[in-house]
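Please open the model in your viewer and keep the selection tool at hand. The stops below are meant to be taken in order.

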Amino acid sequence: MAPPPPPLAASTPLLHGEFGSYPARGPRYALTLTSQALHIQRLRPKPEARPRGGLVPLAEVSGCCTLRSRSPSDSAAYFCIYTYPRGRLGGRRRATRTFRADGAATYEENRAEAQRWAIALTCLLRGLPLPGDGEITPDLLPRPPRLLLLVNPFGGRGLAWQWCKNYVLPMISEAGLSFNLIQTERQNHARELVQGLRLSEWDGIVTVSGDGLLFEVLNGLLDRSDWEEAVKMPVGILPCGSGNALAGAVNQHGGFEPALGLDLLLNCSLLLCRGGGHPLDLLSVTLASGSRCFSFLSVAWGFVSDVDIQSERFRALGSVRFTLGTMLGLATLHTYRGRLSYLPATVEPSSPAPAHGLPRAKSELTLTPDPAPPMAHSPLHRSVSDLPLPLPQPALASPGSPEPLPILSLNGGGPELAGDWGGAGDAPLSPDPLLSSPPGSPKAALLSPVAKGPPVIPPSSGLPPPTPDARVSASTCGPPDHLLPPLGSPLPPDWVTLEEDFVLMLAISPSHLGADMVAAPHARFNDGLVHLCWVRSGISRTALLRLFLAMERGSHFSLGCPQLGYAAARAFRLEPLTPRGVLTVDGEQVEYGPLQAQMHPGLGTLLTGPPGCLGREP
């Protein structure tokens, strides 16, 4: 096998060519494709001294396609890209750029050129190497990934379904991804679904909600008898909830600026379209009753868990609930006596430490896809493929351009340019029939809106029957905790123990505690560490508020607060000595009492998109 070609410099031209525009009477352009951007220079009627929109970073591109005119006399082929540039006020807006390949006399030759550009761009978006000899053929592209989308329609003040329908589904369709969608109907529904899935039919499971739905998915995978294989299933998150901590960390990993709300959703959707996974550490948490669950985010006791649970009554306010809960928590600040023990990390985090010191305590577009192999779909797969819904695209205009935007036809396959887009005499464009998916290829399909009452599950689906709502269900499978003695037994001598009056104790895995809360700025998805942060009693309300305000920038450790402590650990045990309190795992309330946890490095896989060097915004 020939070695892969060496990486190219960001400015090295990969393709260069001259294109017309749509409508045909528009300007002509010189296009140059590099590994980081598409450069657009207007040639006629006259070159621009300061071209507007002349640089399209690939970090802003969701996908591309080739189109052809519905006029039999038009021999040109069309190359269309879908972009989400940032506006002057910072928000993203959808825009398209359509270019006319008309340099050859026949449609077949022009189509081959448009195909070549679409394939090259898709390879770059997916991180696939381009051949060094310049031969760009459809064989470079694998089949479209098959994603299972799980949507909590009540997440984000009830906006999750609308945002999914209006933004997420169009974008992943532009990227050429194949998906099925299920709306969850109750707590632990997602857990039940993944326990009965035939995992070979999917390439990833993506939750469209807050952090709670992903908690259900991961614990469902680890509660299967085949958990060792099941936990390898890549999982992703598209933030549509009130708590979007992991999405904030994914956004930072992708190199984007901090974002909230719809901007955070669009950033994470762009990263999902790019593909690529990253090992994800999972924390095994054993509770007082002996039951066990797995955490990807945090274990909290004291002020943080109090705010999280007490703010539930303000859930209709969205993320504002945490601000209101924090104010109420400060007004009634409590301290909790407890014992924190931990096994210190043998090595410091390998990632760069922050500049301040830390206090220490010792579709791709598949142009000519191969037919999908015949597959005996489970009843679950069929149940979400029978009821496709048309999804009208909101009317967004490209900044500074009168060109209308493509209307996505999710049920019909590809994007389409409506007939009234061009001027008088301009024939409408449609997906090239030679490039559309052949029969048997997976297509996007949606489940109908949530029905009232429990779902009807076919007996042969392999899914367990619906269970009553529960706070957190225990996992009975998963890897053993070899670092932990039985809960209640003495700890080994290499553990460190602190017995204090605490205001809060937080054990966190990724960098973010919320979309805009960087609790462990030096943490990484697979550093193998649980980052322990605590605040002792004696801190004033003003100083505590200052800590949380600084946490928005990840600079709270630089404040020199004497009550703030930190340790990097591989395992820990928490023994509350105060009779009453609240404990949470990934924002979900668990039984109150002693608990212990061990980090399992890289146990899961998170869909993150490319790292920051590719996602960095200009």
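Which residues form one aromatic cluster with Phe19? Select Phe19, Phe79 and Trp117, which together make up that cluster. Before moving on, note that this is a predicted model, in which local features need pLDDT of at least 70 and side-chain atom pairs count only at pLDDT 80 or more, while totals for chains, interfaces and linings use all residues. Residues are numbered from 1 along each chain as its sequence is written, and side-chain values use heavy atoms, with hydrogens and water left out.

Next, consider the aromatic pairs, of which the structure holds 10; rings of Phe, Tyr and Trp (its six-membered ring) pair if their centres lie within 6.5 Å, and planes under 30 degrees apart count as stacked, over 60 as edge-to-face and the rest as tilted. Select tryptophan 301 and tyrosine 336, whose ring centres are 5.7 Å apart with the planes at 50°, so the pair is tilted. Because tryptophan 301 lies in strand 14 (residues 298–302) and tyrosine 336 in strand 15 (residues 336–344), the pair ties together parts that are 35 residues apart in sequence; helices (H or I, at least four residues) and strands (E, at least two) are DSSP runs, numbered from the N terminus. Tryptophan 301 is buried at a relative accessible area of 1%, and tyrosine 336 is buried at 7%, where buried means under 20% relative accessible area, exposed over 50% and partly exposed in between (1.4 Å probe, protein chains only).

Then select phenylalanine 303 and phenylalanine 548, an aromatic pair that is tilted, with 5.4 Å from centre to centre and 50° between the planes. Phenylalanine 303 and phenylalanine 548 are both buried.

For the next stop, turn to helix 1 (residues 107–126), whose 20 residues reach 28 Å from the first C-alpha to the last, close to the 28 Å expected at 1.5 Å a residue; the expected span is 1.5 Å times one less than the number of residues. Helix 1 is mostly covered, with 15 of its 20 residues buried, and just after helix 1 you will find glycine 127, which takes a positive phi of about 75°.

Now select tyrosine 107 together with arginine 68, which lies over the face of the tyrosine 107 ring at 4.0 Å from the ring centre. A charge sits over a ring if NZ of Lys or CZ of Arg is within 6 Å of the ring centre and within 35 degrees of the ring normal.

Finally, go to glycine 488, found in the loop between strand 18 (429–431) and strand 19 (496–508).
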